[in-house]
Amino acid sequence: GKSERLIRYLANLAVNGHPPELGADPTKIVSERTSGTTTVMAVPDEVKAKSTGGMRKILLEQGPEGYAKHVREHKGLLLMDTTWRDAHQSLLATRMRTKELERCAEYTNAALSNAFSLEMWGGATFDVAMRFLHECPWERLESLREKCPDVPFQMLLRGANAVGYTNYPDNVVKKFCKQAKESGVDIFRVFDSLNYLDNLKLGVEAAGEAGGFVEGTMSYNRN
């Protein structure tokens, strides 16, 4: 609709600037992107002092089985935040750059240290980072992992499709998950758009063999 087209237009301007075909003269446009267009969110000192390793500490010390046990025994509500993955994928065509996420990473680490997970990778983020933002998705993962050490990182894995749009050989999916785990992913949320069990099973096995916490997912639609 009209609102979506407007949002996409603004997102394109924010990422790529004004197009010359609409009369923009690049020599007369002062770009602030090199010096940063977003504000670094400061974390209060008292918040920093309270950090005890967060939920990720449990996962690192007790492994996936210990973390699953902790989740089952937890009496309160556990949150999964998807801001770094689905929020800008759904609203801004996945166009947030790594440097924009880095500026809020320390604050995010403090705010979400007691969350179940932060879904920040997988889905369309891998493809868009390379094709449209000309960034390395692996470097994004590793950089944010360093800046956000206390929150379990979660990725969305498309089963046998990994983060692509076709089925890949088993060894490719398993190698991909192994590298994702080494680079900073803790939790793998695995799904298949058609709930095809063979594709789903491969993703679950690959994530498990990599040492990740596996979250099997069923897809629902109104049909």
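**Figure 1. Pairing of strands β2 and β3 in the predicted model.** Strand β2 (residues 117-122) runs parallel to strand β3 (residues 153-157), and 4 bridges join them. Strands, like helices, are DSSP runs numbered from the N terminus, a strand being E over at least two residues and a helix H or I over at least four. Two strands are taken to pair if DSSP finds at least two bridges between them. Tryptophan 121 has methionine 155 of β3 as its bridge partner, and glycine 122 stands opposite leucine 156 in β3. The model is predicted, with local features requiring pLDDT of at least 70 and side-chain atom pairs counting only at pLDDT 80 or more, whereas totals for chains, interfaces and linings use all residues. Residues are numbered from 1 along each chain as its sequence is written, and side-chain values use heavy atoms, leaving out hydrogens and water.

Figure 2. Between β1 and β2 the parallel pairing extends over 2 bridges, and aspartate 81 stands opposite leucine 118 in β2. Strand β2 is largely enclosed by the rest of the structure, because 6 of its 6 residues are buried; buried denotes under 20% relative accessible area, exposed over 50%, and partly exposed the range in between (1.4 Å probe, protein chains only).

Figure 3. Contact here means heavy atoms within 4.5 Å.

Figure 4. Arg85, Asp86, Glu119 and Arg189 are linked in a network of salt bridges, each defined by a side-chain nitrogen of Lys or Arg within 4 Å of a carboxyl oxygen of Asp or Glu. The side chains of glutamate 119 and arginine 85 meet at 2.7 Å, N to O. This pair links distant parts of the chain, with glutamate 119 in strand β2 and arginine 85 in helix α4, 34 residues apart. Glutamate 119 also forms a salt bridge with arginine 189, again at 2.7 Å, N to O. Here strand β2 is linked to strand β4, the two residues lying 70 apart in the chain. In the bridge between aspartate 86 and arginine 85, the closest N and O atoms are 3.6 Å apart. Glutamate 119 is buried at 0% relative accessibility, and arginine 189 is buried as well. Arginine 85 is buried, with a relative accessible area of 5%, whereas aspartate 86 is partly exposed at 27%. By the same rule, the count comes to 10 salt bridges.

Figure 5. Asparagine 161 is found in the loop between β3 and α9 (170-183). With a relative accessible area of 17%, asparagine 161 is buried. Apart from its neighbours within four places in sequence, asparagine 161 is in contact with Thr166, Asn167 and Tyr168.

**Figure 6. A nonpolar surface patch that includes Leu6.** Leu6, Tyr9 and Leu10 make a nonpolar surface patch of about 300 Å². Leucine 6 is found in helix α1 (residues 2-16). Patches consist of residues with over 30% relative accessible area and no salt bridge, nonpolar side chains (Val, Leu, Ile, Met, Phe, Trp, Tyr) being joined within 5 Å and like charges within 9 Å. Accessible areas come from the Shrake-Rupley method with a 1.4 Å probe, and for residues only the protein chains shown count as cover. The protein chain exposes about 13100 Å², of which carbon and sulfur atoms supply 54%.
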